[in-house]
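This report looks at aromatic rings and their contacts in one protein structure. The sequence and the model are shown first.

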Amino acid sequence: MVTTTEALPTPSAQHDVPEQTRSFIDEKHDEKRESIEIAESLKGDVYDDLRVIDMDENGKERPIETDIDIATRLISLEDEPTLPAFTFHLKEHVAITIFASTAAESALAISIFAADDLYYGLHPNVGVGIFTLIGSQLMGYGLGGIMRSFLVYPTYIVFPNLLPTVQLFDALHRGKKIMLQKKRVKFFWLVFIGIFVWEWFPEYIAPTLTGISIFCLANQDSPWFTRIFGGAAGNEGLGVFSLCLDWNYVGSGGGSLGALFTPLSTQLSLYSGTAICIIAFCACYARNTWNGQNFPFLSQALFNENGTRYNQLAILDDKFRLDPAKLAEVGLPWFASSQVLTRIGSNLAIGATIMHVVIWYGKDIVDVIKKYRAGETYDPHLAKMKVYSEVPMWWYILTFIGSFAMAMATLYTGHSGLPWWGLIVGIIIATIFLPFVITVYAITGFSPNLQSLVQMLGAAMIPGNPQANMYFTLYGYNTLEQARGLIRDLKMGQYTKLPPRVTFTVQALGAVVVCLMAFRITLTLTSQKGGLLNYIIMKVIINTHREILLDVQGSNVWSGQQVQSFNSDAISWGALGNVLYAPGGRYAIVPFSILIGLAVPIPFWLLHRFFPKLGANKVVTPVLCWTLGYLSVGINSSVFTTFCLAVFSQYYLRRYRPRWFRKYNFLLSAALDGGTQVMVFVFTFAVGGGSGKVINMPTWAL
């Protein structure tokens, strides 16, 4: 029997539902004053089958389209400020999750320590390491909190990647005795257990399931077939039309943005750019652009012109600064052509991000700041949060000042080579670009990467010093990344009605406590999300798997691609930036791409202005530019599978099965990602080598 929270809408009731004029998947969102009224009058919850707010004029459920749809139809507006003691409730669960996510944020300082050990033979002092971690992590937290009025509170700040987690919290803690909610919870656990069991096959028992390519099976002797259709191993190929049955790569924990929750406009922009990436990689390699055929098709390492590995220490002096005499003897390093295109794409995306935000969202940001200063409530969830005490601005300012002092002290005690003014300039860069990055990330689900811009500016200001460049990147780029994580978690607190002061406390404590534990406990070095808990295991892994970490492909368990790429960037920008990337230099197009990127969004904006029916406003230009290098690293066999899932979820289910999409789509994503992550954690420490010993599965047909 179908249950309802209200009778089917009468004609008069239908007029109470605000007209939806702009699509969330079209990116353009609008602040509607009716949203606060909806928050006050809404009856029912996400688990209900029929609600007035979900119905169209024909009495059928309409698709989720706008930012207000997401705020009022996908996320519960219920709140209970006074909760009973000694019970594990939603807010405790959210607080624990935010505390844990603080630990899971990427710690770029760990990459510096790893690069120092692997490539320079340097070993940081324990005390300096701890305070470098704390200073670099908390600085972004202070900065993000200061800007929360227009980067957290507005309705158009959605953060699509939060939706599965928030819906999971609602399912586990709200309406526990209601049959429809019990059905959703049962669905979640069945999928969670199923994927946990299944993932043992592609991850351990039958690794072939990670990438199945009919084309590669049909022609196993052609290098070009492997380059185009391969991709089951790191840096093997582009994965065209490959089938991947491993959710660790298909899901949001892998290379995808999240097929089941990222807006369709973002994903179509991504895969359109991926098609350009495939053509560009193959064309540059075939035409031997930048001597690409001398090097691997996909690689993040530095090479000599003859294809051998570049010895970076051979061009540095005893203080790890560039020695011009040694450089003249050894020669300049080379990149694989795919890596050059990746750097061009990253810089195109930086310019596109700036212009994209200015022309599409500039007016909205200004309006929100004015409303905040006037004391207006401009979001239904923010209206519910008024019962809680706000975090005073000085808390965030004090956090920022304290972390700045620690960073300044460790610059000199840790012999980073970065002058005091370099730290200040790096922070200024992070401050300027934070609104642009967060706006794109929160609306589209894509986070622009400013690392290459920061490294380029560091090379221009402090030439010939790769160590200083790494630390300039730490404070110019990592500060922004940590602010992004804090802002995302603040939005989670707003969605779940967690008191702001509790959110601040768990975030700050999580960062400090985890940094102090960083030299005792760890996770893994294999991914960017290794976080703050990995110093000791980092040392163990480096000592026991040094050759694998230095290898281009690595293994299916361990890979040094992240550290290789970071170190290559430090050398190419920090030591050789004024030679490799200068006007007339070998890779001069790379920095110039930022200026080109500024122009990319303008044609789409003009096209939409004069021909609005063409849908040019759906093109997410930062994503389109960034994906020029999307397939340059890692396992690429998941790309085609992820694209098919994205179309099925974000187009078919969203449009033609809106009720199932509203009630189950995001729970499905949470279950698949959650079960996979638990399996990978168990696998890593049980047989994958996280405990110091690898137990290999017997080699057989798969």
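## Aromatic pairs

The model is predicted. In total, 35 aromatic pairs are found in the structure. One of them joins Phe225 to Phe229, with ring centres 5.5 Å apart and 55° between the planes, a tilted arrangement.

Helix α12, which spans residues 223-229, holds both Phe225 and Phe229. The two are four residues apart, about one turn of the helix. Phe225 is partly exposed, at 28% relative accessibility, whereas Phe229 is buried, at 13%.

The pair formed by Tyr651 and Tyr656 has a centre distance of 6.0 Å. Its planes stand at 80°, and because an angle over 60 degrees counts as edge-to-face, the pair of Tyr651 and Tyr656 is put in that class. Tyr651 is partly exposed, with a relative accessible area of 34%. Tyr656 is also partly exposed, with a value of 45%.

## Phenylalanine cluster

Phe225 and Phe229 also belong to a cluster linked by ring pairs.

Technical notes. Residues numbered from 1 in each chain as written. Predicted model: local features only at pLDDT ≥ 70, side-chain atom pairs only at ≥ 80, totals over all residues. Heavy atoms only, no water. Phe/Tyr/Trp six-rings, centres within 6.5 Å; stacked < 30°, edge-to-face > 60°. Buried < 20%, exposed > 50% of the residue type's maximum accessible area, 1.4 Å probe, protein only.
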